[in-house]
Amino acid sequence: MRILTIIPARYASTRFPGKPLALIQGRPMILHVVERALRLTPDVVVATDDERIRSVVVQQGYEAIMTSGVHTSGTSRCLEAYERLGREADVLINLQGDEPFISEAHIRLLIDAFDDPSVEIATLAQPFPKEATNEDLANPNAVKVVRATSGRALYFSRSVIPYLRGMEEPWASKHEYLKHIGLYAFRTSLLQRLQSLPPSPLEQGESLEQLRWLSAGLQIQVQLTDEATIGVDTPEDLAHITTLIP
């Protein structure tokens, strides 16, 4: 199976402008992401709309491609990059450029999902700890997902799902809640259809692009992991994790 990993990286982040170039142990964050991806997938490309990011990546001997500056999601940027590259692949992995601690095990889980020929989209989720409070579950930045017994996603939400009616104790102590990890992989035969899908009311309401796919009737396989990811959304996040790169 031919795997292509594309890392979307934009400069103009609202909460953290220039984030892909922020230094972790003296090296830009985007390089940490590229090098982690290369441990498992040999074909890795950064897709960016900023020449500064492209230059840093290329100067280190890695591959980058310029894309439009009008994309509203990383997936959209990845799809443009895949088309422009003109490269043959069976599965496209969309690896976020602000995940400098991405685990090889996470990438392997995504790839393994495609051993099932019926899987067209795969993503990850991690169980909340049993000690999580109801306030932890209600955090809208922690996207929740519920799955069918097959592992296919039923719904994603920033709200708490499922709602445990009549339960006063901390809900996580009574039910396994799943936190979505925003990594995706797609069978490339699906990409043309993805590009043609219009925004859906559910997607617009929750601001979650994966709801566009569910609304269109597509199935998303959700692989479970016990290993957390550590994303960098703000300068404060960066300050907390600068000593964690081995």
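Asn 94 is buried, with 0% relative accessibility (buried denotes under 20% relative accessible area, computed with a 1.4 Å probe on protein chains only). The analysis concerns a predicted model, in which local features need pLDDT of at least 70, side-chain atom pairs count only at pLDDT 80 or more, and totals for chains, interfaces and linings use all residues. Residues are numbered from 1 along each chain as its sequence is written, and side-chain values use heavy atoms, with hydrogens and water left out.

Asn 94 lies in strand E6 (residues 91–94); strands (E, at least two residues) and helices (H or I, at least four) are DSSP runs numbered from the N terminus. Its side chain forms a polar contact of 3.1 Å with that of Thr 75, that is, a pair of N or O atoms within 3.5 Å, one able to donate a hydrogen and the other to accept it. Not counting residues up to four places away in sequence, Asn 94 touches Ile 6, Gly 74, Cys 78 and Phe 186, among others (heavy atoms within 4.5 Å).

Ile 6 in turn touches residues including Val 45, Tyr 82, Leu 92 and Asn 94. Ile 6 is also among the residues that touch the most other members of the largest nonpolar core, which has 32 residues; such a core comprises buried Ala, Val, Leu, Ile, Met, Phe, Trp, Tyr and Cys residues joined through side-chain atoms within 4.5 Å. Elements giving two or more residues to this core include strand E1 (3–9) and helix H3 (74–85), and H3 supplies the largest share, five residues.

A second, separate core of 28 residues includes Ile 30 and Val 34. Both residues are buried in H1. Eight of the 10 residues of helix H1 (residues 29–38) are buried, so this helix is largely enclosed by the rest of the structure.

Definitions and conventions. Buried means under 20% relative accessible area, exposed over 50%, partly exposed in between (1.4 Å probe, protein chains only).
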